[in-house]
Amino acid sequence: MYEPIRTKSVHRTADDAHDAYPHRSREEELDIQLAGHLAALLAVTDELGDTEAGELIARQVARLRGAPPARHAGLSGSPAQDLHRRAHALAGRALVVAASRADTAAAILAAERMDAHTAALAGEPTLTAAGTP
């Protein structure tokens, strides 16, 4: 009735394809995500002209990526209030990921940046890094 299949199937099971491409662990994925949020925060921080905070963020990005980050070269022309809102949101995202991966240093930095941008939005004097006056 039917001819038996004599050639190898072109279809593969999920188990066969497991080693066909590299996989990353959850920690590696969180590192990549955290570095991305911090790099975006760095770009906004550089645009705001906060060099001290920018250096702290750049160190964390370099630690996570293993290489120094590219620094923001262009200006968006956005008002400072909009930049502070954007930076606050990015710092919040970084805080969530840092907490998820139990990265205390990045979590503290992100929380400090959130506080600084909240103060800037409220018109208060900006906080410096590590709570120093």
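User: What are the ground rules for the numbers?
Analyst: The model is predicted; local features need pLDDT of at least 70, side-chain atom pairs count only at pLDDT 80 or more, and totals for chains, interfaces and linings use all residues. Residues are numbered from 1 along each chain as its sequence is written, and side-chain values use heavy atoms, with hydrogens and water left out.

User: What span should α4 have, and why?
Analyst: Helix α4 (residues 104-122) has 19 residues and should span 27 Å at 1.5 Å a residue, which agrees with its end C-alpha atoms being 27 Å apart. The expected span is 1.5 Å times one less than the number of residues, and helices are DSSP runs of H or I, at least four residues, numbered from the N terminus.

User: What comes just after α4?
Analyst: Gly-123, with a positive phi of about 85°.

User: Is His-117 buried or exposed?
Analyst: Buried, because its relative accessible area is 2%; buried means under 20%, exposed over 50%, partly exposed in between (1.4 Å probe, protein chains only).

User: What does His-117 touch?
Analyst: Leu-41, Leu-48, His-84, Ala-87 and His-88, not counting residues up to four places away in sequence. Contact means heavy atoms within 4.5 Å.

User: Which helices do the buried residues of α4 pack against?
Analyst: They pack against α1 (26-48), α2 (51-65) and α3 (80-100).

Note on methods. Helix = DSSP H or I, 4+ residues; strand = E, 2+ residues; numbered from the N terminus.
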